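Student: I have a model open and some questions about it. Can we go through it piece by piece?
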Amino acid sequence: MIEVKAIDVFYGEFQALHGVSFKLAPGEILGVIGPNGAGKTTLIRAISGVLPLRSGQVLVNGKDISQMSANERAKQMAFMPQAVNLPPAFTAWETVLLGRTPHLNWLGQTSPLDEAAARQAMQRTHTYQLAQRRVGELSGGEQQRLLLGRALAQATPILIMDEPTAHLDLQYQLSLLNQVRSLAKQDQLAVLVALHDLNLVARFATRIALLVAGRLQALGKPSQVLTPAILSQAYQVPLQVLPLGSSSVPVITPAIQ
């Protein structure tokens with residue numbers, strides 16, 4: 001679905017990404033991790049087509065995104081940003097319906113199909129009961145679910161998420177990522193998600209990409225990447241990876257000195 005081929009990204013003279021390569025398949029959740037300044041958000045912006053590449057390619061179904069219009073990209077990839085201040089006067093319904101923008105006719109009018117897609121997206125993210133409420137009245141968790149609903153309303157095969165659980169309490173973090181995992185499985189979405197929380201990545205990602213100083217240091221299944229040696233070197237602090245009872249999901253904590 002997505003193939004990232006040896007991409008380099010620069011901010012002026014500073015090289016932010018160095019030859020990063022990987023593939024992302026339908027039904028897969030690829031968690032992108034790394035210390036602050038590792039290049040996670042830069043990678044997401046490059047894949048989304050927001051940042052130009054100095055070299056390399058990002059291919060979607062074999063087509064270079066640099067050869068696509070913004071509207072074409074929006075029909076292939078939906079982007080869920082970090083927690084943002086949504087327009088407070090918009091209703092929840094109007095916010096989710098914005099996800100249909102790439103599909104509108106040349107007059108910008110919504111059709112019954114657009115409204116049905118928005119309604120389904122709200123039902124799937126448990127926000128339909130909020131449809132007529134103003135965004136400014138909603139909690140942070142409700143707004144994050146609206147952002148996910150807006151992304152789903154785009155009806156794209158690829159979902160890209162940049163720190164979607166930022167500023168959410170644990171209940172909303174787990175609820176949101178459980179929804180994403182369910183959607184990836186049911187709809188065969190290809191999901192790329194950047195996260196700071198290593199324990200959330202361990203629980204929800206099917207594969208993990210570790211970035212350090214703009215370079216891909218490790219790529220593989222959680223059990224291959226989330227090891228004390230790899231993580232301690234990447235984060236420059238001793239970490240331990242502990243089994244959680246009978247679960248195959250590990251717990252990552254600072255090592256006891």
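Student: How many cavities of 30 Å³ or more does a search of the whole structure find?
Tutor: The search finds 1. A cavity here is a set of points on a 1 Å grid over the protein atoms alone where a 1.4 Å probe fits but cannot get out. This is a predicted model, where local features need pLDDT of at least 70 and side-chain atom pairs count only at pLDDT 80 or more, while totals for chains, interfaces and linings use all residues. Residues are numbered from 1 along each chain as its sequence is written, and side-chain values use heavy atoms, with hydrogens and water left out.
Student: What volume does the largest cavity have?
Tutor: About 60 Å³, taken as the space filled by probe spheres set on the points.
Student: And which residues line it?
Tutor: Among them are Ile29, Met161, Leu177, Phe204 and Ala205; a lining residue has an atom within 4 Å of a point. Two or more lining residues come from each of β3 (29-33), α6 (170-187) and α7 (198-204). Helices (H or I, at least four residues) and strands (E, at least two) are DSSP runs.
Student: Which element gives the largest share of that lining?
Tutor: α6, with 3 residues.
Student: Switching to Gln143: buried or exposed?
Tutor: Gln143 is buried, because its relative accessibility is 16% and the cut-off is under 20% (1.4 Å probe, protein chains only). Gln143 sits in helix α5 (residues 140-153).
Student: What does Gln143 touch, leaving aside neighbours within four places in sequence?
Tutor: Val84, Leu86, Val135 and Leu138, with contact meaning heavy atoms within 4.5 Å. A polar atom of the Gln143 side chain lies 3.3 Å from the backbone oxygen of Val135.

Key:
Buried means under 20% relative accessible area, exposed over 50%, partly exposed in between (1.4 Å probe, protein chains only). A polar contact is a pair of N or O atoms within 3.5 Å; within protein, one must be able to donate a hydrogen and the other to accept it, and residues adjacent in sequence count only if both atoms are side-chain atoms. On a 1 Å grid over the protein atoms alone, a cavity is a set of points where a 1.4 Å probe fits but cannot get out, and a pocket is an open set with protein on both sides within 12 Å along at least five of seven lines; lining residues have an atom within 4 Å of a point.
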